[in-house]
Amino acid sequence: MSAGFPPEVVAAVSRHMNDDHADDALLICRTLGGQPSAAQARTTGLDADGIDFAVTADGAEVPVRIPFAHRLTERAQIRQEVVRMYREACQQLGVPPRSAD
């Protein structure tokens with residue numbers, strides 16, 4: 001099994017996260033990414049072991065990598081893992097997650 005996903009999958013997931021789930025990525029980076037002062041988060045890539053962001057915090061852009069709970073082998077697992085991260089971030093912040101869409 002390859003340690004990554006094809007470039008077109010990475011690009012599609014990154015685009016979807018940035019276009020439709022930028023607020024979710026920000027919550028994830030503030031909590032699981034250890035960037036509580038983050039003002040913006042942009043998905044920049046992923047592989048089988050984690051997801052990468054460019055986070056703007058305190059006026060500077062920094063890379064943040066958040067590992068997945070386990071190695072992913074199928075594209076469908078990416079969504080499941082990002083939803084898990086989002087729910088964990090909401091729990092840490094004490095805010096209710098929105099319904100899955």
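The following legends describe close-up views of a predicted model.

Local features are reported at pLDDT of at least 70 and side-chain atom pairs only at pLDDT 80 or more, while totals for chains, interfaces and linings use all residues. Residues are numbered from 1 along each chain as its sequence is written, and side-chain values use heavy atoms, without hydrogens and water.

**View 1. Packing of helix H2 against helix H3.** The axes of H2 and H3 lie 9 Å apart and form an angle of about 60°; axes are lines fitted to C-alpha atoms over the stretch in contact, with angles from 0 to 180 degrees between N-to-C directions. Helices (H or I, at least four residues) and strands (E, at least two) are DSSP runs numbered from the N terminus. Asp24, Leu27, Ile28 and Thr31 of H2 meet Val82, Met85, Tyr86, Ala89, Cys90, Gln92 and Leu93 of H3, where contact means heavy atoms within 4.5 Å.

**View 2. Buried residues of helix H2.** Within H2 (residues 22-31), the buried residues are Asp24, Ala25, Leu26, Ile28, Cys29 and Thr31. Buried denotes under 20% relative accessible area, exposed over 50%, and partly exposed the range in between (1.4 Å probe, protein chains only). Their cover includes helices H1 (7-20) and H3 (75-93), together with strands E1 (38-47), E2 (50-57) and E3 (60-67).

**View 3. Surroundings of Ser14.** Ser14 belongs to helix H1 and is buried, its relative accessible area being 8%. Apart from neighbours within four places in sequence, Ser14 contacts Thr43, Thr44 and Gly45.

View 4. His21 is located in the loop between H1 and H2 and counts as buried because its relative accessibility is 14%. Its side chain forms a polar contact with the side chain of Arg98 at 3.2 Å; such a contact is a pair of N or O atoms within 3.5 Å, one able to donate a hydrogen and the other to accept it within protein, and residues adjacent in sequence count only if both atoms are side-chain atoms. Arg98 also lies over the face of Tyr86, 4.8 Å from the ring centre (criterion: NZ of Lys or CZ of Arg within 6 Å of the ring centre and within 35 degrees of the ring normal).

View 5. With 70% relative accessibility, Asp58 counts as exposed.
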